[in-house]
Amino acid sequence: MSEFQGCQLPEDLHYDLDYVWARPEEDGTFTIGVTDPAQTMSGRLQKARIKKVGTHLEAGRHVATLESGKWAGGVPVPFAGTVIARNDTLLENPHFINIDPYGDAWIARVQPDDPATALERLHTGPDAVAALQAWIKRYDVQCMRCSD
């Protein structure tokens, strides 16, 4: 895992180069979450709304909406697909994203309509990490994760 200005940047994830990550699962689905620098910039999250299982979303539509005391925004899916699971823990404890953005604080699992093209808008590996480092530098982010 790479680290830059305190921000964790796993090389094995796929990124939209803004604030969403996606991890391909063995069953063909993708787990979706928000990056460490994004959770830091949002502040302590106070509310999460996540689409219900069975909801179909077009690429770019929000699978979740997150709110903190200073920010509210949507979490877009990078491809069209259907929500097959959501992390209900975040509905009660949204600040868990501030603690473990790449682990147990995933937001949703989505089955893409077209698995062959699901990764077309996403980036991974050293090029993605370099682009995320530039994003962190541009917004002058120094990551920190909250504790319970």
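Guide: Let us start with accessibility: buried means under 20% relative accessible area, exposed over 50%, and partly exposed in between, with a 1.4 Å probe and protein chains only. By that scale D88 is partly exposed, because its relative accessible area is 44%. The model is predicted, so to speak of local features requires pLDDT of at least 70 and side-chain atom pairs count only at pLDDT 80 or more, while totals for chains, interfaces and linings use all residues. Residues are numbered from 1 along each chain as its sequence is written, and side-chain values use heavy atoms, with hydrogens and water left out.

Visitor: How many salt bridges does a search of the whole structure find?

Guide: A salt bridge is a side-chain nitrogen of Lys or Arg within 4 Å of a carboxyl oxygen of Asp or Glu. The search of the whole structure gives three. One of them joins R86 to D88, with 2.8 Å between the closest N and O atoms. R86 has a relative accessible area of 24% and is therefore partly exposed.

Visitor: Which residue forms a salt bridge with E67?

Guide: The partner of E67 is R49, and their closest N and O atoms are 2.9 Å apart. This pair links distant parts of the chain: E67 lies in strand β8 (residues 62-68) and R49 in strand β6 (residues 45-50), 18 residues apart. Strands here are DSSP runs (E, at least two residues), numbered from the N terminus. E67 is partly exposed at 25% relative accessible area, and R49 is partly exposed at 39%.

Visitor: Which residue forms a salt bridge with E25?

Guide: E25 pairs with R23, the closest N and O atoms being 2.8 Å apart. E25 counts as partly exposed because its relative accessibility is 25%; R23, at 23%, is partly exposed.

Visitor: How many aromatic pairs does the structure hold?

Guide: Rings of Phe, Tyr and Trp (its six-membered ring) pair if their centres lie within 6.5 Å; planes under 30 degrees apart count as stacked, over 60 as edge-to-face and the rest as tilted. The structure holds three such pairs. Among them is F30 with F79, which is tilted because the planes stand at 55°, with ring centres 5.1 Å apart. The pair links distant parts of the chain, with F30 in strand β5 (residues 30-34) and F79 in the loop between β9 (72-76) and β10 (81-86), 49 residues apart. Both F30 and F79 are buried.

Key: Helices (H or I, at least four residues) and strands (E, at least two) are DSSP runs, numbered from the N terminus.
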